[in-house]
Structures are given as C-alpha cells and as structure tokens.
2 protein chains.
Amino acid sequence: MSCSFKILNENAGARLGLISTPRGDIDTPAFMPVGTAATVKALLIDQVKSTGTQIILGNTYHLMLRPGIERIDRVGGLHQFMNCDLPILTDSGGFQVMSLSKISKITNDGVTFNSHIDGKKIFISPEVSIQIQKSLNSDIVMIFDECPEYTLDKNRVSKAVNLSIDWAKRSKLEFGINKNKMLFGIIQGGIFNDLRKESLDRLQEIGFDGYALGGLAVGEKQNEMFEVLDNISQFLPKNKPHYLMGVGTPSDLLGAVKRGIDMFDCVLPTRSGRTGLAYTWEGKKNLRNAKYATDDEPLDPKVNCPASQNYSRSYLNHLTNSNEILGSILLTWHNIAFYQDLMKKIRESIADNNFENFYRKHFEILNS
Amino acid sequence: MSCSFKILNENAGARLGLISTPRGDIDTPAFMPVGTAATVKALLIDQVKSTGTQIILGNTYHLMLRPGIERIDRVGGLHQFMNCDLPILTDSGGFQVMSLSKISKITNDGVTFNSHIDGKKIFISPEVSIQIQKSLNSDIVMIFDECPEYTLDKNRVSKAVNLSIDWAKRSKLEFGINKNKMLFGIIQGGIFNDLRKESLDRLQEIGFDGYALGGLAVGEKQNEMFEVLDNISQFLPKNKPHYLMGVGTPSDLLGAVKRGIDMFDCVLPTRSGRTGLAYTWEGKKNLRNAKYATDDEPLDPKVNCPASQNYSRSYLNHLTNSNEILGSILLTWHNIAFYQDLMKKIRESIADNNFENFYRKHFEILNS
C-alpha cells in the first residue's frame, strides 16, 4: 500500500481528510504530539496512543546530536528504537539549526553549526537531512529549508525563499521515489503574502506530497498568522495535505482549521504539562494556583484520561507544587488527550457540516 | 473481615506467610515500594500494581508537611487522594523527624521540629502521629518512636529505647481497637543485642500486631545488620509479621529473609531508577555507562516490565543521559518489577523448601 491523501468533506473553510500510510491512517485535521528526542516527553507510547494520537513527530536536529543517527539506523529506524508503531513525521532540522545552534556559516551548499549540547561542529545540507530522515525511516519527510527568524526585512526573507527553493529541489532529488513515504515542501515567505505565494508556486513546480507552512508562530500575533493563512490558503493545492508547522494553542488550531489547515504539531501540550498548565474545554488552568488546593473536582470530566478521570484538582495541585514526576505525566497525558479530543470534535463538526457553529461556540473560550 | 497473619511454610530460617487486610492480601516475604508524597515517584498506581506489588508505604512526615493532612482527610484518606486501592502502610514520622528536620526540642511529651520545606514549627507526639495515620486511613499503622542516628553510645541508645517504649504505649492507647487495621511496634536498640532484646520484650508486653526493626540500614555495614538480625530473630514472636524498616538492596532482602524477616520497604528501587541505575538478576547496571550506547539487548529479559521487554539498553542509555522523564519512568518500573520478581521467587523457593539453594545461587551476584 502506498501513501495517499483524500478529502472526505469540506465545510466553512475546514477540510475533513484522510492520510493513508503503510504504517496506519491519519484522520485530518490532525494534531501530532512532538517526540523530540525519541520520546514524547513523560509518556509511554501506549499512553500517547490511548489519546487517539495517530502520528507523532520526531526532530532530526535533536536526534542527530543525541543519541546520534548511527544507533537508531542500526536497529532499523526510529520506530524500532523508541518502540513506536505509529506513523512518524520527521522535520528536516532546518528550524532548530537556525533557532538553537550557533551557526558558523550558511552557504548555498548547506549550514555549518555548533551543537547546542557539546559545541561540536556539524554540517547539514538538504542531502544530509534527507539521508538522516531515511535512516530514521520516518513516514513523512520534510525538505531542508532555511527558516529565518521573524523579521520585517523583506530582502532577508526573499533570499531565504530563494535558497529554500534550491534546497527543496535538492531535497526531492535526494529523497528519490518512494511511494511508501511522503515528502512535504515547506512554504517560507514570513508575513509577506507575495513571497509566500512565490514560494508555494515554485514548490508546486517541483511537486510534493504535501505543503507545509514554515516560519509562523515565531513571534507574530495570532491575527497576523491568520492573515497569512487567509491569503495563502486559497492557493494551496486542494488535493494535498496542508501542514502548519509548530502551531499552536487550541484556538490557533481552531482558527487554522477554518483556514484550510489539515495538520499541526506543537510542544505546547507536552511542555505545558511539565509546568502544571492544563488545557481544558473551559480554557487554560494553572494547577499550581493555590485555589486548586481546596478543589476536589476532576480536572475536566469531558476529557478521557487518568488526570481527568481518576484524580482531583487538589491532588494535581499537590503533585505539581511538589514537582512530582507523576504531575508531569498526568498533565502531559491530559493535554495531549485534550488536543486530540479537540481535533476529534473538529472532525466530527466538519463531517456534520457544523464546523462554523463549533468554531463560534469554542473559539473565544479556548482563546482565553 | 479483620486483619490476620499466618505462616504457610518455614524453610532454612525463611518464612512464607500471608497478611490479610480488608483491602487485600499480602504474600510475605513482601517488598513495599515507597510512595512518600502520595505517589510512588514516576509511576501510576496501575503500573505499580502490574509489578505484583500488593502494598505500598506512605510517609506521615512528608504528607503532614505537604500537602497537609486536611485535604487528604477531606476526601476520606490517602487511598482516595492518590487513587490507590492497595493496602497502605504508613510510618509514624519518627524516622524522618529525626533525620530530615531541624529538631528544636525532644521531651517526654513529643518532638518539636522545623519543617525542612518551609521552616514552620511543628509538634508531633505519639498521639498526633496516630491521629494523622487515622486521617490517612492507612491499613498498617506504625507506632511513633525515637529513632536515634547510628551510634556506639549505648547510653544514648538506651534512653531512646526507654522513651520509645513509653511512646509505644501511648501510640497503642491512641490507636484503640480496630480489627480492620494493624498496629506495629518498632524495636530499637541500635547494634546492642541486649537493648534490642529489652525493646522487643517490653513491646511484647504491650502487644502489637506486628514487630518492626527500626534504626537499621542507617550507616552500619551489611554484616553488622545481619548480626543484629541473627541475634534478635530467635526472639521475634513467630505468629506475627517481622518488618525490617528502610531495607534495602536485593542482597539485604535475601539475607534478611534468611533471618526470618517478612516485610521490607526501601526507596532504593525508585530513587535508583531516577538516576539511571537498574537492578537485574545479573546485578546492578548503570545505564548511563557509555558501553550501553552500543548494546541493543534488553535490560533483563527475565523481568516482566516495559523497560526490559520493549526497549534496548541503548535506548535506555539515551533516555537517562538525556535526562528524559521516560528514562526515570522505565527504570523505576523495572526496579520495582525486579524487586517484586525477587520476592516472588523467594516465596516460591520457601514454598518448595528450596530457599537455601536459591540463596546460595543468587546472594553473591545480587551483592555485587
């Protein structure tokens, strides 16, 4: 069975779809929990799966630095190494090289940088990134791009678009032909609509299995991000998945689905879970807050996970304030369960041609 | 159903027994994982139960300081608060008051101390300790004793024995009569055999449901601890459980079972799990060691837990060296699973009148 994507319904700008891969199907709109270093932090993969998660994300940059690709390759790839039978999408490392490492040189050839862990000098290029992703044996592979920081310098962004298009071509060449996997292009262009359009057009000339929006949620406001989506979404090819990288809050997801986005990844639910912050259908709750010490109610009875079904807010308050690992476990689990519950209800509302109502009912509360 | 204890077999000094409580049975010799602050650190209670654990321990001292007894009492006790349907033994706080807090005053009445968390001045007495343990609603309650540090000052130890006997009487009076719970006395006396014997005799005059040995594994060598056990075990009442508090390593457990001990608790398997140290049938393994980076074998295929069944040593090495929470989870789980596997095989060997062979086969390896 080779990979495929089909649209099942469209409603009020939102798309209900299905990505099929040899490792399993992914109902879209989909949220992908982040498994940076070969683990979705604080959870076993069965716990991640219990939330309805159908695909996770792995970070090429982090994995190449630690533990290194050799020992993952040796056992057949990331699925075997981390005991995960779900499909995995790997990013290309581009974003992290730019944001985490000390860059020593960017040339047309690639990027030389110093590891943020041990300072070691490392070279990465489109070819290297794709080779690594082949070793990781991920199911959805991302092109290697240059992802500039949020800037109003159009000339800087334009140069990044040009370089990224060249790297996109080289990424595709290195990827070759493999029907069991998908290769996604990444649209750059910052907040400049004409550059976004140019980036998309030139990526489509090369031809990819999906189109991602990079360089968003990097400091701009939510309405600025939505404006970029409003402008580009009309041009995105309808028969391919649309992936908004690194986004976002529950309201970001709801607003982006309304603008035709099919896929998301974000560290928010996992990272927040480790700091005592819970996402619920009533909005965010900081479990460290003293008011929860006397609150014996469940966290969010609508969410099907242990944190919300088996414990009280008072107990979670105790765990988070005592820095107990179980607090990180329960809240991470809860947050992913909530995100997946949100995506499931979004999908149901699109299937029922009721997405606009769903959006209106929840957007402001989730944005609070 | 009221609490009971019976001996099912004796072999080579070791005892096979069964403690029955309204909340469940406990096969002895038994190991109790420590759930200090209303959580067995890094694990969900279902994971703890999956290892064969039949009882856990809670710490009165830690719970009274954080989260405080009020909110545990409010929901009906520790079982409800932490969602644990296993029997729970609570210590009296005596040991932690002495070892963790800044004592401001010990009188015949009780101990005034400053919390190690916020410096708050707190008073604890036998009556207070038992009242707290009633609020926690634990199934096995420990008397409040004075537990001096390891010392060769016999006069100091003798005074602690005397005070502890007085406190034992007051503890029993405060406990009253409750057939659904058990109250254990604690034998003090340090490394002085005559004081241990005196402490035990006077406790037996008061009469308890079980007899614990306190003040061991506090700095003395293993052979010194075994000598104390060799001397006292002949006098321990045969029809009551014998509990060696705060012990120990796998070889400590094996050696103590040979000397008639039925119950153990220790933070070693949980604490070690958080530092990358695994107990196996081949001895200890420090997963942080670089040699495991190239070792794709399971941790210990004989132990039935995810760390040993679903992952490689190389993966665990990566998790521990990256300080990933999943590393703490998997190794804590493994260590408790190993301890329970050890106890199960000890029980089987006693049932088969084969304990001496079992001991000889494993003691040296486990002690390495």
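So, which residue in strand 6 of chain A is the bridge partner of A:I56? Hold that for a moment while I do the housekeeping. This is a predicted model, where local features need pLDDT of at least 70 and side-chain atom pairs count only at pLDDT 80 or more, while totals for chains, interfaces and linings use all residues. Residues are numbered from 1 along each chain as its sequence is written, and chains are lettered from A and ligands numbered from 1 in the order in which they are written.

Okay, back to the opening question: it's A:I88. That bridge belongs to strand 5 and strand 6 (residues 88-90) of chain A, which pair in the parallel sense over 3 bridges. When I say two strands pair, I mean DSSP finds at least two bridges between them.

In chain A, 8 strands form an open sheet in the order 4-14-13-12-11-10-6-5, with parallel pairing. At the edges sit strand 4 (30-33) and strand 5 (56-58) of chain A, each pairing on one side only. From one strand to the next, the twist averages 25 degrees. Helix 8 (residues 193-206) of chain A lies across strand 11 (182-187) and strand 12 (210-213) of chain A, running at about 155 degrees to strand 11. Axes here are lines fitted to C-alpha atoms, for helices over the stretch in contact, and angles run from 0 to 180 degrees between N-to-C directions.

Let's zoom out to the whole chain. Chain A has 15 helices and 16 strands, and its C-alpha trace spans about 60 × 45 × 45 Å along the principal axes. A compact globule of 368 residues would have a radius of gyration near 21 Å, and chain A agrees, with 20 Å. That radius is taken over C-alpha atoms, and the globule rule is 2.2 Å times the number of residues to the power 0.38. Buried residues make up 57% of the 368 in chain A; buried means 20 or more other C-beta atoms within 10 Å of the residue's own, with C-beta atoms placed from the backbone.

Next, domains, with bounds from an automatic or database domain assignment. Chain A is divided into domain 1 (4-266) and domain 2 (276-368), and their C-alpha centres lie 27 Å apart. Each domain of chain A gives 25 residues to the contact between them, contact meaning C-beta atoms, placed from the backbone, within 7 Å. On the domain 1 side, the largest share, 6 residues, comes from helix 10 of chain A.

What about the two chains? Their contact takes 29 residues from chain A and 29 residues from chain B. On the chain A side, helix 13 of chain A supplies the largest share, 4 residues.

Last stop, chain B. Strand 1 (residues 4-11) and strand 2 of chain B pair in the antiparallel sense over 7 bridges, with B:I7 standing opposite B:G17 in strand 2. Their hairpin has 2 residues between the strands, and B:A12 there takes a positive phi near 50 degrees. Strand 2 of chain B also pairs with strand 3 (residues 24-28) of chain B, antiparallel over 5 bridges. Strand 2 (residues 14-21) of chain B is mostly covered, with 6 of its 8 residues buried.

Conventions
Two residues are in contact if their C-beta atoms, placed from the backbone, lie within 7 Å. A residue is buried if 20 or more other C-beta atoms lie within 10 Å of its own, exposed if 12 or fewer, and partly exposed in between; C-beta atoms are placed from the backbone.
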